[in-house]
Structures are given as C-alpha cells and as structure tokens.
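Reader: Could you take me through this structure? I am new to it.
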Amino acid sequence: MMTAHPERDQIQLANVLSAVGNPLRLCIVRVLADGCEHTCGSIVDGVPKSNLTHHYRVLRDAGIIWQRVSGRETLQSLRREDLDARFPGLLDAVLAAARSETEDPFAEIAR
C-alpha cells in the first residue's frame, strides 16, 4: 500500500536535496523530466525491483515524484509544478548540473 504524497507546502528543501544527492535517484529524476509518466521498470534497467522500490519511495516522500497505481503497474511522474512553485529554479539547476556532468544518465551507475 502506498503512503500519501506530501502536500506542496510540506516539501522540504533538505529532503529534496538529500533525495537527488543519490546518483540513481538523480538519474530517475532526469528521465522523469521529460514530463511523461513512466512505469517502474521502464526507467532503469539492471537494478533489482526491491532497490528501485526504495528509491521511488524516497523520491515520493521527498515530494519529487507522483506515484499512481494503474492496474498492475505503478506510474511515476515528476512533480515539476510543485517543485517550481516551492523552490523556483531549483529543479532546472539540478537538472542542468546533472546534464553537464554526463550525457548518459546511467553511465555513473553502470560503473
């Protein structure tokens, strides 16, 4: 059972920064920045489902992603509107810095 997502005003900067400080979670955010919903297994290959579940929970609890159940799948999407309203420019800065570090979002994880 999925816990509730934090309301916009409950999103804390320290939690957001801590969540995207992990390379795998940052890669997930980079993929979700396309504005589409993605299934759990379509974002990252080669990572055990139990590990991904943990990382998605951290991102959800930090207020970075929305999760919704659709049939047998859980869909993830970025809470861009909420993050931009709460911390203007933060998400764009994080994504720009991540892009400048590597063009392949999964290169660091594959090592």
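Predicted model: local features only at pLDDT ≥ 70, side-chain atom pairs only at ≥ 80, totals over all residues.

Reader: Where is Arg79?
Author: Arg79 is placed in the loop between strand 3 (73-78) and helix 4 (80-86). Helices (H or I, at least four residues) and strands (E, at least two) are DSSP runs, numbered from the N terminus.

Reader: Is Arg79 buried or exposed?
Author: Arg79 is buried, at 2% relative accessibility. Buried means under 20% relative accessible area, exposed over 50%, and partly exposed in between (1.4 Å probe, protein chains only).

Reader: Which residues is Arg79 in contact with, leaving aside neighbours within four places in sequence?
Author: Among them are His5, Pro6, Ile64 and Trp66; contact means heavy atoms within 4.5 Å. Arg79 also lies over the face of Trp66, 3.9 Å from the ring centre. For a charge to sit over a ring, NZ of Lys or CZ of Arg must be within 6 Å of the ring centre and within 35 degrees of the ring normal.

Reader: Changing topic, how many salt bridges does the structure hold?
Author: The structure holds seven salt bridges, each being a side-chain nitrogen of Lys or Arg within 4 Å of a carboxyl oxygen of Asp or Glu. One of them joins the side chains of Arg68 and Glu37 (2.7 Å, N to O). Arg68 lies in strand 2 (residues 65-70) and Glu37 in the loop between helix 2 (23-32) and strand 1 (38-39), so this pair ties together parts 31 residues apart in sequence.

Reader: How about Arg60, which partner does its side chain meet in a salt bridge?
Author: The partner is Asp61, at 3.4 Å from N to O. Arg60 is buried at 7% relative accessibility, whereas Asp61 is partly exposed at 40%.

Reader: And where do Arg80 and Asp84 lie?
Author: Both lie in helix 4, four residues apart, about one turn of the helix. Salt bridges that share partners also join Arg8, Arg79, Glu81 and Asp82 into one network. Arg80 and Asp84 form a salt bridge as well, with their closest N and O atoms 3.8 Å apart.

Terms used:
Residues numbered from 1 in each chain as written. Heavy atoms only, no water.
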